[in-house]
Amino acid sequence: MVLVYPGSFDPITNGHLDVITRAVQICDRLIVAVGSNESKKPAFSVEERVDLIRCTIGDRDDIMVTGFSGLLADFVRKMGAKAVIKGLRAMSDFEYEFQMALLNKRLEPDMETLFMMTSVNYSYLSSSAVKEIASNGGSIDGLVPDCIKDRIVSKLTAR
Ligand code: PNS
């Protein structure tokens with residue numbers, strides 16, 4: 001089974017990495033799909049976000065990392081996948097994700113949305129929090145993968 005894990009990943013956090021690590025164990029191939037949602041005014045370009053994720057997970061046959069534009073439902077169909085997986089941190093995520101899941105179901109009735117609870121250690125973590133802490137000079141140790149921490153800090157403090 002091919003699963004698509006879509007998101008903004010602006011930038012990837014240890015919470016995302018936790019979902020990737022667990023999701024890949026329940027499928028044959030995981031496609032991490034970085035969406036270009038410009039309304040969110042991303043700090044990192046899609047190419048930079050893809051590169052940060054690739055640096056984090058390294059070369060793996062069972063994980064593909066790619067950008068996508070347009071509708072998620074179209075991308076999922078094009079990739080021959082049947083389902084997307086999304087991380088859920090709290091009830092506050094649920095309302096938005098529920099709406100997205102229903103809209104995607106309407107667009108692509110064969111596509112399923114699966115939810116994975118994030119580990120409790122990361123339930124408070126978000127890319128926005130990482131950006132706010134780093135751009136104000138705080139430590140993001142333990143919040144993002146160590147191997148990309150310096151790149152994230154230098155990008156966010158250079159702004
Ligand atoms: O959870 P995130 O990080 O905000 O997810 C962003 C993303 C890219 C997954 C989401 O915005 C998306 O699916 N964008 C593609 C457009 C689309 O298909 N929207 C759903 C129907 S309105």
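**Note on a predicted model**

1. Tyr 5 is buried, with a relative accessibility of 4% (buried means under 20% relative accessible area, exposed over 50%, partly exposed in between, with a 1.4 Å probe and protein chains only). The model is predicted: local features need pLDDT of at least 70, side-chain atom pairs count only at pLDDT 80 or more, and totals for chains, interfaces and linings use all residues. Residues are numbered from 1 along each chain as its sequence is written, and side-chain values use heavy atoms, with hydrogens and water left out.

2. Three aromatic pairs are counted (rings of Phe, Tyr and Trp, the last by its six-membered ring, with centres within 6.5 Å; planes under 30 degrees apart are stacked, over 60 edge-to-face, the rest tilted). One of them joins Tyr 5 and Phe 9 edge-to-face, at 5.1 Å centre to centre and 80° between the planes. Phe 9 is buried too, at 2% relative accessible area.

3. Phe 94 and Phe 98 are stacked, because their ring centres are 5.2 Å apart and their planes lie at 15°. Phe 94 is partly exposed at 32%, and Phe 98 is partly exposed at 42%.

4. Helix H6 covers residues 146-157 (helices are DSSP runs of H or I, at least four residues, and strands are runs of E, at least two, numbered from the N terminus). Its buried residues are Ile 148, Lys 149, Ile 152 and Leu 156. They fall within an arc of 125° seen down the axis, so they line one face of H6 (the arc is that of the directions from the helix axis to the C-beta atoms). On the other side of H6, Cys 147 and Asp 150 are exposed.

How values were computed
Expected span 1.5 Å × (residues − 1).
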